[in-house]
Amino acid sequence: MIFVNTDYNNIRNIVNIMLCFITNESWRTMNTLELKEIGLNTDMIDECFGGNKDIYFKFLYKFFEDKDYVLFNDMMLDKDYEKAFNPAHAIKGVAGNLGMMKIYECLVIIVEKLRHSNYDDIEMIYARLKLECDRLYDILYKKDNQKEVV
């Protein structure tokens, strides 16, 4: 395999995602009801991924590594709401396409508030979004054997 213009940080992120994916088997045993309880629209697995749960979860892992997700969180923490709109809008679409319904619902509200420069309660909604993201992240990255990823 030949890498052109290699970004070693990006390769490290991909390796970490793959290692987490390989070492974490807890999601494989989750049934449809459990997946719905954590806010995932399981119909998306069939509709968009041909029923392939492995591929679906690979995309879920990538959500948390997305540059727009990171940028959005940075902008929200800095209260730079004007710059937060574009990355928020981008990750809203990704969350919707992946059927991350609880996350998507929060992002719909945040994007509309950002679009109209209405920042009332935006921190409260962002806190709810972070709670949902952290919950899903913890489930996805939970290591059965508590293995450390390099």
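Start by selecting Asp 121, which sits in the loop between helix 7 and helix 8. Its phi is near 65 degrees, a positive value in a residue other than glycine. Before going on, a word on what is loaded: this is a predicted model, where local features need pLDDT of at least 70, side-chain atom pairs count only at pLDDT 80 or more, and totals for chains, interfaces and linings use all residues. Numbering runs from 1 along each chain as its sequence is written, and side-chain values use heavy atoms, with hydrogens and water left out.

Now click on Ser 117, in the loop between helix 7 (101-115) and helix 8. Here too phi is positive, about 50 degrees, although Ser 117 is not a glycine. Ser 117 is partly exposed, at 49% relative accessible area; buried means under 20%, exposed over 50%, and partly exposed in between, using a 1.4 Å probe and protein chains only.

Zoom out and colour by secondary structure. You'll find eight helices and zero strands, where helices are DSSP runs of H or I with at least four residues, strands are runs of E with at least two, and numbering goes from the N terminus. The pattern along the sequence is α-α-α-α-α-α-α-α. Of the 150 residues, 37% count as buried. The protein exposes about 9,200 Å², and carbon and sulfur atoms supply 53% of that; the areas come from the Shrake-Rupley method with a 1.4 Å probe, and for residues only the protein chains shown count as cover. Among contacts (heavy atoms within 4.5 Å) between residues at least 6 apart in sequence, 62% join residues at least 24 apart.

Next, select helix 5 (residues 67-77) and helix 6 (residues 81-97). They pack at about 150 degrees with their axes 8 Å apart; axes are lines fitted to C-alpha atoms, for helices over the stretch in contact, and angles run from 0 to 180 degrees between N-to-C directions. The pair is therefore roughly antiparallel, a label for angles over 145 degrees, with under 35 counting as roughly parallel, 65 to 115 as roughly perpendicular and the rest as oblique. Their crossing is left-handed, meaning that the near helix is turned anticlockwise from the far one by less than a right angle; clockwise would be right-handed. Show side chains: on helix 5, the residues in contact include Leu 71, Phe 72 and Met 75, and on helix 6 they include Ala 84, Pro 87 and Ile 91. The contact divides into 11 nonpolar, no polar and two charged residues. For those classes, Ala, Val, Leu, Ile, Met, Phe, Trp, Tyr, Cys and Pro are nonpolar, Asp, Glu, Lys and Arg are charged, and the others, Gly among them, are polar.

Go back to helix 5 and pair it with helix 8. The angle is about 140 degrees and the axes are 11 Å apart, again with a left-handed crossing. Look for Asn 73 and Met 76, among others in helix 5, meeting a set in helix 8 that includes Tyr 126, Lys 130 and Cys 133.

Last stop: Glu 132, in helix 8 (residues 122-141). Is Glu 132 buried or exposed? Glu 132 is buried, with a relative accessible area of 13%. Leaving aside neighbours within four places in sequence, Glu 132 is in contact with Lys 102 and Ile 103.
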